[in-house]
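Please read the following briefing alongside the sequence and the coordinates. It moves from overall dimensions to strand pairing and then to aromatic contacts.

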Amino acid sequence: MRKYIFVLLCISPLISLAQSVDTIPLKTTYNYSISGQYQNGYVFPTNDFVRGGNAEKELINAFQTFSIRFSQQSYGKKPWEQIYNYPHWGMGLSVYDFYNPDEIGNPIALYGFFNAPFKRWDRSTFNYEIGFGATFNWKHFDPVSNRSNIAIGAGESFYIDAGLNLQYELTEHLDIETGFSLTHFSNGALKKPNFGLNTIAPKISVKYNFDERHDFIKHKIPEFQPEKEWLISAFIGGTNVIFDSVNVDIQEKYEGITFPVAGITTTLNWHICRMSKIGIGIAFTYNGSVNAQVVVDNNELEVTDDLFTDKIQISIFPSYEFVVNRFSLILQPAFYLYRKQLVNQTPVFHQRIGLKYHFTEDFFVGITLRDYEFHVSDFVEWNVGYSIKWK
């Protein structure tokens, strides 16, 4: 679910640093674990398909999922692990049941996750968790055999998950975890119709740790030095458009046309603490789907030429980055400053959520999902960029 989940930005994960001293772990292990997880929850009524516009004429408002997850617990081998209060991370595999296998199928999600404590006690932790990945095995929209499923337009989709949980150490090797999470499934408008599925559910899991627990390593963390940075990046993408009014074969009609999207973004950031950056930015976008027109030629759709300037969009956004070592989670509520005025446009207020990875100190790559109304995808930006930093 692309809800903007704001964690406690700088304070809570640093509580454990108050008495930092250097220690040595009792033993060196790989700290691997395996867990089984179950969820049973609610599907938000964000489109006609789940509101009852399906073959069964029934609400699709519930789901369940079974997961198996492999993870590794950090113990402070690197200083950033201590700064984030000794998180754990790993890979998960989940099988979903929306109680409508004929129209939705039983999708399978493969994803990575990062789980870190707000607060750590003797045998328990209160944590936030973020997960990103891909989902397969959907029974997606088909204009002949599955016409009602306007939620999922392709057999694959992106997977975004965020939540809170409480973990308790039962024994030396066994943990139990309970909490909840919000999840969003969408293909980013790469294939329409694609209104997405959005869920919320409590969860419970049991985790087995292969190694014995040992003490955390504590480093002398140097004082943080705030800095500024200027980011500039270029992006490309695509968005699928279906022209309902054209008179062509139904399969050809709903194949639609994928239009190119490209642009440049620039952001000025203030790195206010180790795990948080705030800033303001502007995006210049060419969206080939804006005011696009087609003609029919031998039962095929042909795009007609139109003005390049009609497809230019300029938007401005405040920016927040949650920084984890070389990775960043980016949240940017945005507003269009300029675009051609058309009937039935997407809203002026839209949202950008993304991931960024610095493969060097200055160069980075990333992916950003642009959406509106907090649940409808507009398009996906694949970007590469450069940062300039100064104190």
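The radius of gyration is taken over C-alpha atoms, and the globule rule used for comparison is 2.2 Å times the number of residues to the power 0.38. With 391 residues, a compact globule would have a radius of gyration near 21 Å, and the protein chain, at 23 Å, agrees with that expectation. This is a predicted model, in which local features need pLDDT of at least 70 and side-chain atom pairs count only at pLDDT 80 or more, whereas totals for chains, interfaces and linings use all residues. Residues are numbered from 1 along each chain as its sequence is written, and side-chain values use heavy atoms, with hydrogens and water left out.

**Overall dimensions and burial**

- Along its principal axes, the C-alpha trace of the protein chain spans about 75 × 50 × 25 Å.
- The protein chain exposes about 18600 Å², of which carbon and sulfur atoms supply 62%; the accessible areas come from the Shrake-Rupley method with a 1.4 Å probe.
- Where contact means heavy atoms within 4.5 Å, 65% of the contacts between residues at least 6 apart in sequence join residues at least 24 apart.

**Strands and the barrel**

- The protein chain has 2 helices and 18 strands, these being DSSP runs numbered from the N terminus (helices H or I with at least four residues, strands E with at least two).
- A closed barrel of 8 strands runs 9-10-11-14-15-16-17-18 with antiparallel pairing, where two strands pair if DSSP finds at least two bridges between them.
- Strand 9 (residues 227–241) and strand 18 (residues 376–390) pair in the antiparallel sense over 9 bridges, and Ile236 stands opposite Trp382 in strand 18.
- Strand 17 (residues 363–372) also pairs with strand 18 in the antiparallel sense, over 10 bridges, with Gly366 opposite Asn383 in strand 18.
- Strand 17 and strand 18 form a hairpin with 3 residues between them, and Glu373 in the turn has a positive phi of about 55 degrees.
- Strand 11 (residues 276–287) and strand 14 (residues 312–324) pair in the antiparallel sense over 11 bridges, and Ala283 stands opposite Ser315 in strand 14.

**Aromatic contacts**

- Rings of Phe, Tyr and Trp (its six-membered ring) pair if their centres lie within 6.5 Å, and planes under 30 degrees apart count as stacked, over 60 as edge-to-face and the rest as tilted; by this rule the count comes to 28 aromatic pairs.
- Tyr111 and Tyr159 form a stacked pair, 4.7 Å centre to centre with 20 degrees between the planes, and this pair links Tyr111 in strand 4 (residues 105–120) to Tyr159 in strand 6 (residues 157–169), 48 residues apart.
- Tyr111 is buried, with a relative accessible area of 2%, and Tyr159 is buried as well, with a relative accessible area of 4%.
- The rings of Tyr286 and Phe308 have their centres 5.0 Å apart and their planes at 15 degrees, so this pair is stacked.
- Tyr286 lies in strand 11 and Phe308 in the loop between strand 13 (300–303) and strand 14, so the pair ties together parts that are 22 residues apart in sequence.
- Tyr286 counts as partly exposed at 23% relative accessibility, whereas Phe308 counts as exposed at 53%.
- One aromatic cluster is formed by Phe63, Tyr96, Phe98, Tyr111, Trp138, Tyr159 and Phe185.

Terms used: Buried means under 20% relative accessible area, exposed over 50%, partly exposed in between (1.4 Å probe, protein chains only).
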